[in-house]
Amino acid sequence: MSCGNPVADADALMQRRKKYDKTKSCVKCKVTEGKLVIRHAVYCKECFLHLIVHRFRRALEPNVNPKPDGPRRTTLKPAGNLLVGFSGGLGSSVLLDLIYRCYVALDKSTMPADGGRDHPRHERVWKKVTVCYVEVCDAFPGMKDRTDEITQHMKRYDGIDFVALRIQDAFDLTWWNRVGGKPYHKELGVSLANEGLSLESFPSTTSDALAALRTYLSSLPTPTAVTTSIQTLTRLLLLHTALQNGSSHVVLGTSLTSLAVSLISGVSQGAGFNVREETQEEWSPEPETHDVGEKATSKKAHNGTGKRTVRVVRPLRDVGIKECAAWAWWSEVPVVGKEKWGWAGARPGISTLTKDFIVGLEKDYPSTVSTIVRTCGKLAPKGEVSGKCILCGRPVQRGVQEWKARISIRSRPPTSAPNDGEESTAQPPPDPESAELRPSLTPYLCYACHTTLTSKSSRPAPSPWPSATKSPVVTLPVWAELRLSPLAHDTDGEESHAHVEVLQTRRVGEEEMKGIVSEFLLDE
């Protein structure tokens with residue numbers, strides 16, 4: 001890069017910055033020659049491994065106790081067990097290895113040197129550690145089932161329980177009953193063919209969860225909607241499983257790079273109000289969805305507040321993907337791997353495009369992902385919280401659907417225009433006291449989920465399952481169906497939801513529109 005005339009000025013050429021700042025020696029011990037460069041800092045193998053353990057503990061341990069601690073941590077006493085979300089990828093493999101070394105096997109190399117041999121930190125923190133894997137191969141055609149490989153991989157970790165789920169369990173009443181969900185009957189579905197997301201009587205009596213999943217995914221408008229919905233389903237499956245086995249914490253292997261990608265892609269899809277939940281989340285089920293069992297009635301399981309809560313923590317949020325790869329290589333951690341999400345003819349979604357952009361930018365600017373995460377950490381949601389989304393379970397901003405209805409341009413079904421001399425067939429405005437309004441799913445959704453279900457592409461992508469039965473009404477995940485089930489028996493037309501909004505549109509004639517704005521028109 002030139003800032004002047006290199007022939008006349010020897011300093012006109014900008015020198016390329018070195019990969020390391022000053023020396024090849026490790027910046028920690030100052031003695032050993034470095035083996036790895038992280039953001040222009042050089043580390044030897046020994047110091048690097050200690051650095052990763054320190055960052056891992058620093059991100060996780062202040063959030064172990066029911067009341068998060070500051071820098072001065074007390075004894076670690078979680079309110080329940082630990083659930084590890086495992087996908088088979090690099091981040092989750094490194095996370096599982098660190099959890100096993102630090103809190104199950106109690107590897108001395110990962111323990112702080114201060115405190116003595118009998119210090120409480122050298123005792124097990126969680127009595128029970130469970131690894132949960134959600135297989136998503138049934139959501140995409142031709143994807144390999146890795147359940148057996150994951151099961152074989154888990155045999156190297158003694159003292160850790162393993163639970164394998166499938167993505168279609170989100171539509172399975174048997175799984176719902178197994179995790180302690182309240183029983184209900186499927187009576188309502190949603191019409192994804194229209195932008196109003198009207199709720200209809202569910203015509204099908206089949207209980208095939210796999211068919212329900214594929215019909216639901218085939219009805220989504222874009223590839224981005226498909227991948228986002230699968231991520232949401234996976235997250236809720238982990239949370240309900242954690243609630244069922246008495247876990248107070250769920251840890252995910254989201255690295256610093258993956259966190260930056262999820263933050264940017266989430267904001268671009270309308271999830272800016274929930275940007276803080278992408279880093280750390282306090283989740284609790286709706287009281288009408290779960291039975292209070294014997295375990296849940298104890299004060300400890302209630303997290304001391306009388307309400308069952310699961311805390312989602314991402315302990316690798318300060319560790320980049322490069323550091324994860326180095327840890328896996330030097331610690332000999334096998335990585336099973338995971339399949340790419342996609343199908344023939346589908347274009348890359350927003351998440352894939354965002355990842356390609358950020359990873360490519362990180363090669364030349366090593367501080368890109370850390371800058372993104374730090375900047376998003378300073379953001380604060382604006383507006384009041386009004387309940388939880390029926391699909392993703394995250395907070396909903398009050399009045400967001402009313403605002404979106406004002407600024408959105410929606411398509412309307414074609415209607416025949418009246419001929420000259422004929423009376424217009426346009427219906428007058430309905431009387432709210434006498435007209436029955438068709439119930440809609442919209443009041444129960446957050447902005448991001450509503451956008452996922454309604455935003456269509458100008459070039460529609462092929463369906464992942466063309467052979468799936470085309471149904472005008474599709475079923476929703478079991479936790480959403482349960483919250484909608486009272487509507488089928490509600491004779492008063494009321495529903496005890498915190499942020500119910502009833503939106504209705506009608507076709508307005510040209511003369512009526514002109515009359516509305518007549519006082520603002522200039523005389524001809």
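**Close-up views of a predicted model**

The structure holds 15 salt bridges, each a side-chain nitrogen of Lys or Arg within 4 Å of a carboxyl oxygen of Asp or Glu. This is a predicted model: local features need pLDDT of at least 70, side-chain atom pairs count only at pLDDT 80 or more, and totals for chains, interfaces and linings use all residues. Residues are numbered from 1 along each chain as its sequence is written, and side-chain values use heavy atoms, with hydrogens and water left out.

**View 1. D145 and R166 meet in a salt bridge.** Their side chains come to 3.1 Å, N to O. The pair links distant parts of the chain, 21 residues apart: D145 sits in the loop between strand 4 and helix 3 (147-153), R166 in strand 5 (residues 161-166). Helices (H or I, at least four residues) and strands (E, at least two) are DSSP runs, numbered from the N terminus. D145 counts as partly exposed because its relative accessibility is 37%. Buried means under 20% relative accessible area, exposed over 50%, and partly exposed in between (1.4 Å probe, protein chains only).

**View 2. E339 forms a salt bridge with R146.** The closest N and O atoms are 3.0 Å apart. E339 lies in the loop between helix 8 (321-330) and helix 9 (350-364), and R146 in the loop between strand 4 and helix 3, so the pair ties together parts that are 193 residues apart in sequence. E339 is partly exposed at 29% relative accessibility. R146 is buried at 14%.

**View 3. E282 forms a salt bridge with R311.** Here the closest N and O atoms are 2.3 Å apart. E282 belongs to strand 9 (residues 281-283) and R311 to strand 10 (residues 310-313). Is R311 buried or exposed? R311 counts as buried because its relative accessibility is 5%.

**View 4. Strand 3 (residues 81-86) is mostly covered.** Six of its six residues are buried. N81, L83 and G85 lie on one side, L82, V84 and F86 on the other. In a regular strand the side chains alternate between the two faces of the sheet. Five bridges join strand 3 to strand 8 (residues 247-252), and the two run parallel. Strands pair if DSSP finds at least two bridges between them. V84 has V251 as its bridge partner in strand 8.

**View 5. S247 is placed in strand 8.** S247 counts as buried because its relative accessibility is 4%. Leaving aside neighbours within four places in sequence, its contacts (heavy atoms within 4.5 Å) include N81 and V310.
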